[in-house]
Amino acid sequence: MWGIVIALISGALMSIQGVFNTGVTKTAGVWISAGFVQLTAFLVCIVAWFVTGREGSVGALVQVPHKYMLLGGAIGAFITFTVIESMNRLGPAKSVMLIVISQLIVAYLIELFGIFGVERVSFEWKRLVGMVIAIIGVIIFKWE
(Lines give C-alpha, C1' and ligand atoms only; values in the text may rest on other atoms or scores of the structure.)
Protein backbone atom coordinates (compact mmCIF):
# COMPACT_ATOMS: atom_id res chain seq x y z
CA MET A 1 0.00 0.00 0.00
CA TRP A 2 2.79 2.44 0.89
CA GLY A 3 4.43 1.73 -2.46
CA ILE A 4 1.29 2.92 -4.24
CA VAL A 5 1.04 6.05 -2.09
CA ILE A 6 4.72 6.88 -2.64
CA ALA A 7 4.37 6.32 -6.41
CA LEU A 8 1.35 8.64 -6.54
CA ILE A 9 3.23 11.29 -4.57
CA SER A 10 6.19 10.88 -6.92
CA GLY A 11 4.02 11.44 -9.98
CA ALA A 12 2.39 14.49 -8.45
CA LEU A 13 5.76 15.96 -7.46
CA MET A 14 7.18 15.32 -10.94
CA SER A 15 4.28 17.21 -12.51
CA ILE A 16 4.61 20.13 -10.12
CA GLN A 17 8.40 20.19 -10.54
CA GLY A 18 8.06 20.24 -14.31
CA VAL A 19 5.77 23.27 -14.17
CA PHE A 20 8.09 25.07 -11.72
CA ASN A 21 11.19 24.30 -13.79
CA THR A 22 9.50 25.48 -16.97
CA GLY A 23 8.64 28.76 -15.22
CA VAL A 24 12.26 29.26 -14.12
CA THR A 25 13.46 28.46 -17.64
CA LYS A 26 11.47 31.35 -19.09
CA THR A 27 13.68 33.74 -17.10
CA ALA A 28 16.99 31.92 -16.60
CA GLY A 29 17.25 29.57 -19.61
CA VAL A 30 16.98 25.81 -19.77
CA TRP A 31 20.51 24.79 -18.72
CA ILE A 32 20.68 27.27 -15.83
CA SER A 33 17.29 25.99 -14.68
CA ALA A 34 18.34 22.34 -15.04
CA GLY A 35 21.62 23.02 -13.24
CA PHE A 36 19.82 24.81 -10.42
CA VAL A 37 17.44 21.86 -10.07
CA GLN A 38 20.37 19.43 -9.82
CA LEU A 39 22.27 21.67 -7.39
CA THR A 40 19.32 22.13 -5.07
CA ALA A 41 18.57 18.40 -5.23
CA PHE A 42 22.19 17.73 -4.23
CA LEU A 43 21.93 20.11 -1.29
CA VAL A 44 18.67 18.53 -0.12
CA CYS A 45 20.28 15.08 -0.37
CA ILE A 46 23.23 16.20 1.77
CA VAL A 47 20.94 17.63 4.44
CA ALA A 48 18.72 14.52 4.35
CA TRP A 49 21.80 12.30 4.64
CA PHE A 50 22.90 14.11 7.82
CA VAL A 51 19.40 14.25 9.30
CA THR A 52 18.61 10.56 8.70
CA GLY A 53 21.75 9.17 10.29
CA ARG A 54 24.20 9.06 7.38
CA GLU A 55 23.27 5.67 5.99
CA GLY A 56 25.99 4.49 3.60
CA SER A 57 29.18 6.29 2.69
CA VAL A 58 30.32 8.33 -0.26
CA GLY A 59 33.28 5.97 -0.63
CA ALA A 60 30.87 3.12 -1.32
CA LEU A 61 30.25 4.62 -4.76
CA VAL A 62 33.53 3.17 -6.01
CA GLN A 63 32.26 -0.27 -5.02
CA VAL A 64 29.23 -0.14 -7.30
CA PRO A 65 29.77 -3.24 -9.47
CA HIS A 66 28.38 -1.84 -12.73
CA LYS A 67 29.94 1.60 -13.16
CA TYR A 68 27.38 2.62 -15.81
CA MET A 69 24.82 2.75 -13.00
CA LEU A 70 26.60 5.85 -11.71
CA LEU A 71 25.24 7.72 -14.74
CA GLY A 72 21.89 8.28 -12.98
CA GLY A 73 22.77 11.86 -12.09
CA ALA A 74 23.84 12.70 -15.63
CA ILE A 75 20.66 11.11 -16.92
CA GLY A 76 18.79 13.20 -14.33
CA ALA A 77 20.12 16.39 -15.92
CA PHE A 78 18.73 15.31 -19.29
CA ILE A 79 15.45 14.25 -17.69
CA THR A 80 15.13 17.75 -16.24
CA PHE A 81 15.94 19.28 -19.63
CA THR A 82 13.49 17.08 -21.56
CA VAL A 83 10.67 17.59 -19.05
CA ILE A 84 11.14 21.37 -19.21
CA GLU A 85 11.22 21.38 -23.00
CA SER A 86 8.23 19.07 -23.42
CA MET A 87 6.12 21.03 -20.94
CA ASN A 88 7.11 24.27 -22.62
CA ARG A 89 6.10 22.93 -26.05
CA LEU A 90 3.11 20.71 -25.19
CA GLY A 91 1.83 21.93 -21.83
CA PRO A 92 1.85 19.95 -18.57
CA ALA A 93 -0.98 17.47 -19.21
CA LYS A 94 0.05 16.28 -22.68
CA SER A 95 3.69 16.24 -21.72
CA VAL A 96 3.18 14.16 -18.59
CA MET A 97 0.94 11.68 -20.41
CA LEU A 98 3.62 11.06 -23.03
CA ILE A 99 6.34 10.89 -20.37
CA VAL A 100 4.39 8.32 -18.35
CA ILE A 101 3.64 6.18 -21.42
CA SER A 102 7.31 6.30 -22.40
CA GLN A 103 8.29 5.31 -18.86
CA LEU A 104 5.81 2.44 -18.91
CA ILE A 105 7.01 1.07 -22.25
CA VAL A 106 10.72 1.35 -21.42
CA ALA A 107 10.23 -0.09 -17.91
CA TYR A 108 8.32 -3.06 -19.35
CA LEU A 109 11.04 -3.67 -21.95
CA ILE A 110 13.69 -3.55 -19.21
CA GLU A 111 11.74 -6.16 -17.23
CA LEU A 112 10.88 -8.23 -20.30
CA PHE A 113 14.51 -8.56 -21.40
CA GLY A 114 16.08 -8.45 -17.92
CA ILE A 115 18.22 -5.43 -18.81
CA PHE A 116 20.53 -3.76 -16.23
CA GLY A 117 20.32 -6.71 -13.87
CA VAL A 118 16.55 -6.42 -13.37
CA GLU A 119 14.74 -9.70 -12.84
CA ARG A 120 13.30 -10.88 -16.16
CA VAL A 121 9.53 -11.29 -16.50
CA SER A 122 7.60 -13.24 -19.09
CA PHE A 123 5.58 -11.55 -21.84
CA GLU A 124 1.94 -10.93 -20.97
CA TRP A 125 -0.64 -9.88 -23.54
CA LYS A 126 -2.63 -7.97 -20.94
CA ARG A 127 0.34 -5.63 -20.36
CA LEU A 128 0.69 -5.01 -24.08
CA VAL A 129 -3.06 -4.35 -24.38
CA GLY A 130 -2.83 -1.98 -21.40
CA MET A 131 -0.07 0.00 -23.09
CA VAL A 132 -2.03 0.17 -26.35
CA ILE A 133 -5.06 1.45 -24.42
CA ALA A 134 -2.86 4.08 -22.74
CA ILE A 135 -1.53 5.19 -26.13
CA ILE A 136 -5.07 5.40 -27.51
CA GLY A 137 -5.96 7.49 -24.44
CA VAL A 138 -3.19 9.95 -25.27
CA ILE A 139 -4.37 10.19 -28.87
CA ILE A 140 -7.93 10.89 -27.71
CA PHE A 141 -6.73 13.41 -25.11
CA LYS A 142 -4.49 15.18 -27.61
CA TRP A 143 -7.10 15.22 -30.34
CA GLU A 144 -7.95 18.88 -30.89
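This is a predicted model: local features need pLDDT of at least 70, side-chain atom pairs count only at pLDDT 80 or more; totals for chains, interfaces and linings use all residues.
Visitor: Which helix gives the most to the side of domain 1 that touches domain 2?

Guide: Two elements give two or more residues to that side of domain 1: helix H1 (2-28) and helix H3 (72-90). One of these gives the most, with 5 residues, and that is H3.

Visitor: By class, how many nonpolar residues does the side of domain 1 that touches domain 2 have?

Guide: Contacts join 10 residues of domain 1 to 9 residues of domain 2. Sorted by class, the domain 1 side has 1 charged and 2 polar residues, while its nonpolar residues number 7.

Visitor: Is Ser-86 buried or exposed?

Guide: Ser-86 sits in helix H3. Leaving out residues up to four places away in sequence, Ser-86 touches Gly-91, Ser-95 and Ile-99. The cut-off for buried is under 20% relative accessible area. Ser-86 has 16% relative accessibility, so Ser-86 counts as buried.

Visitor: Let's step back to the whole chain. What pattern does the chain follow along the sequence?

Guide: The C-alpha atoms fill a box of roughly 45 × 45 × 30 Å along the principal axes. The secondary structure comes to 5 helices and 0 strands. Read along the sequence, the pattern is α-α-α-α-α.

Visitor: What share of the residues of the chain count as buried?

Guide: Among contacts with a separation of 6 or more, 54% join residues 24 or more positions apart. The chain has 144 residues, and the share that count as buried is 16%.

Visitor: How many salt bridges are found in the whole structure?

Guide: One of them joins the side chains of Glu-85 and Arg-89, at 3.0 Å from N to O. Another joins Lys-126 and Glu-124, whose closest N and O atoms are 3.7 Å apart. Searching the whole structure brings the number of salt bridges to 3.

Visitor: Of Glu-85 and Arg-89, which is exposed?

Guide: In helix H3, Glu-85 and Arg-89 are 4 residues apart, which means about one helical turn separates them. Glu-85 has a relative accessible area of 17%, so Glu-85 is buried. At 66%, the exposed residue is Arg-89.

Visitor: Which residue forms a salt bridge with Arg-127?

Guide: Side chains of opposite charge can pair when their charged atoms come close. Here the closest N and O atoms are 3.2 Å apart, and the partner of Arg-127 is Glu-111. Arg-127 lies in helix H5 (residues 125-142) and its partner in helix H4, so the pair ties together parts 16 residues apart in sequence.

Visitor: How far apart in space are Glu-111 and Val-121?

Guide: Glu-111 belongs to helix H4 (residues 92-113). Neighbours within four places in sequence aside, Glu-111 is in contact with Val-118, Glu-119, Arg-120, Val-121 and Arg-127. Glu-111 and Val-121 are 10 residues apart in sequence, and from C-alpha to C-alpha their distance in space is 5.6 Å.

Visitor: Last one! Of Lys-126 and Glu-124, which counts as exposed?

Guide: Exposed means over 50% relative accessible area. Glu-124, at 26% relative accessibility, counts as partly exposed. At 63%, the residue that counts as exposed is Lys-126.

Note on methods: Residues are numbered from 1 along each chain as its sequence is written. Side-chain values use heavy atoms; hydrogens and water are left out. Contact means heavy atoms within 4.5 Å. Ala, Val, Leu, Ile, Met, Phe, Trp, Tyr, Cys and Pro count as nonpolar, Asp, Glu, Lys and Arg as charged, and the others, Gly among them, as polar. Buried means under 20% relative accessible area, exposed over 50%, partly exposed in between (1.4 Å probe, protein chains only). A salt bridge is a side-chain nitrogen of Lys or Arg within 4 Å of a carboxyl oxygen of Asp or Glu.
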